[in-house]
Amino acid sequence: MALYAAYGTNMDAGQMKFRCPHSPLVGTGWIEGWRLAFGGESLGWEGALATVLEEPGECVYVVLYDVPREDEARLDDWDGVSMGVYSKIHVRVSTLDGEQLAWTYVLNDYEGGLPHPTYLAAMADAAEKAGAPDEYVTELRLRPCL
């Protein structure tokens with residue numbers, strides 16, 4: 001088992017249950033020193049995709065899942081790791097119980113472009129359901145989109 005720090009639509013527990021049925025939600029936290037960004041508009045989706053980028057003083061709200069290898073492989077397929085869309089990196093997540101080491105996905109493309117409104121709304125809804133602070137959810141809902 002390994003901890004996965006989900007920051008986009010994967011924060012939605014229902015979606016994760018469908019994609020990774022053996023991966024329970026185990027908590028929430030923040031990736032400090034990183035910011036939420038969008039990029040990869042040229043990859044063929046309707047709008048840019050979510051990613052995280054290092055940025056001192058910023059932080060990204062995440063949901064932590066305990067993911068066994070079989071589910072990790074499924075999630076890699078869902079998120080395009082095998083196609084080179086995303087890569088996995090290790091990050092430190094600040095939780096109420098202290099720091100946890102987890103892996104997350106980072107987009108293998110340039111930063112830039114705007115997300116599709118439906119994608120952005122799904123991200124904001126997932127963050128809200130996961131207990132993100134109101135200010136964080138409002139910021140997501142007010143981000144520019146297509």
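Is Lys88 buried, exposed or partly exposed? In this predicted model, Lys88 is partly exposed, at 32% relative accessibility. The legends below begin with this residue and its salt bridge.

**Figure 1. Close-up of the salt bridge between Lys88 and Glu72.** The two side chains meet at 2.4 Å, N to O. Lys88 belongs to strand β4 and Glu72 to helix α2 (residues 69-78), so the contact ties together parts that are 16 residues apart in sequence. Whereas Lys88 is partly exposed, Glu72 has a relative accessible area of 16% and is buried.

**Figure 2. Close-up of the salt bridge between Lys129 and Asp12.** The whole structure holds nine salt bridges. In the one shown here, the side chains of Lys129 and Asp12 come together at 3.3 Å, N to O. Because Lys129 lies in helix α3 and Asp12 in the loop between β1 and α1 (13-19), the pair ties together parts that are 117 residues apart in sequence. Lys129 is exposed, at 67% relative accessibility. Asp12, at 18%, counts as buried, since the limit for that class is under 20%.

**Figure 3. Close-up of the salt bridge between Arg35 and Glu111.** The closest N and O atoms of Arg35 and Glu111 are 2.8 Å apart. Arg35 is part of strand β2, and Glu111 is in the loop between β5 and α3, so this pair ties together parts that are 76 residues apart in sequence. Arg35 is partly exposed, with a relative accessible area of 21%. Glu111 is also partly exposed, its relative accessible area being 45%. Through salt bridges that share partners, Arg35, Glu55 and Glu111 are joined into one network.

**Figure 4. Close-up of strand β1 and its pairing with strand β3.** Strand β1 (residues 2-6) has five residues, of which four are buried, so the strand is largely enclosed by the rest of the structure. The strands β1 and β3 (residues 49-67) run antiparallel and are joined by five bridges. Within this pairing, Ala5 stands opposite Leu64 of β3. Beyond its neighbours within four places in sequence, Ala5 makes contacts with Ile31, Val62, Val63, Leu64, Val91, Val93, Ala102, Trp103 and Thr104.

**Figure 5. Close-up of the largest nonpolar core.** This core has 43 residues, and those touching the most other members are Tyr4, Ala5, Tyr7, Leu36, Val60, Val93 and Leu140. Two or more residues come from each of β1, β2 (25-39), β3, β4 (86-95), β5 (98-107), α3 (117-129) and α4 (134-141). Strand β3 gives the most, with 10 residues.

**Figure 6. Close-up of aromatic pairs around Tyr61.** The structure contains 10 aromatic pairs. The ring centres of Trp30 and Tyr61 are 5.1 Å apart and their planes stand at 75°, so the pair is edge-to-face. Trp30 in strand β2 and Tyr61 in strand β3 are 31 residues apart, and their pairing links distant parts of the chain. Trp30 is partly exposed, with a relative accessible area of 23%, whereas Tyr61 is buried, with 4%. Tyr61 also forms a tilted pair with Tyr136, at 6.0 Å centre to centre and 50° between the planes. This second pair links strand β3 to helix α4, with Tyr61 and Tyr136 being 75 residues apart. Tyr136 counts as buried, at 11% relative accessibility. Ring pairs also link Tyr4, Tyr65, Tyr86, Trp103 and Tyr105 into a cluster.

Figure 7. An α-helix has 3.6 residues a turn, so residues three or four places apart point the same way.

Figure 8. Arg143 is partly exposed, and its relative accessible area is 29%. Apart from residues up to four places away in sequence, Arg143 touches Leu36, Ala37, Phe38 and Leu120. The C-alpha atoms of Arg143 and Leu114 are separated by 9.0 Å, although the two residues are 29 residues apart along the chain.

Definitions and conventions:
Residues are numbered from 1 along each chain as its sequence is written. This is a predicted model: local features need pLDDT of at least 70, side-chain atom pairs count only at pLDDT 80 or more; totals for chains, interfaces and linings use all residues. Side-chain values use heavy atoms; hydrogens and water are left out. Buried means under 20% relative accessible area, exposed over 50%, partly exposed in between (1.4 Å probe, protein chains only). Two strands pair if DSSP finds at least two bridges between them. A nonpolar core is a set of buried Ala, Val, Leu, Ile, Met, Phe, Trp, Tyr and Cys residues joined through side-chain atoms within 4.5 Å. Contact means heavy atoms within 4.5 Å. A salt bridge is a side-chain nitrogen of Lys or Arg within 4 Å of a carboxyl oxygen of Asp or Glu. Rings of Phe, Tyr and Trp (its six-membered ring) pair if their centres lie within 6.5 Å; planes under 30 degrees apart count as stacked, over 60 as edge-to-face and the rest as tilted.
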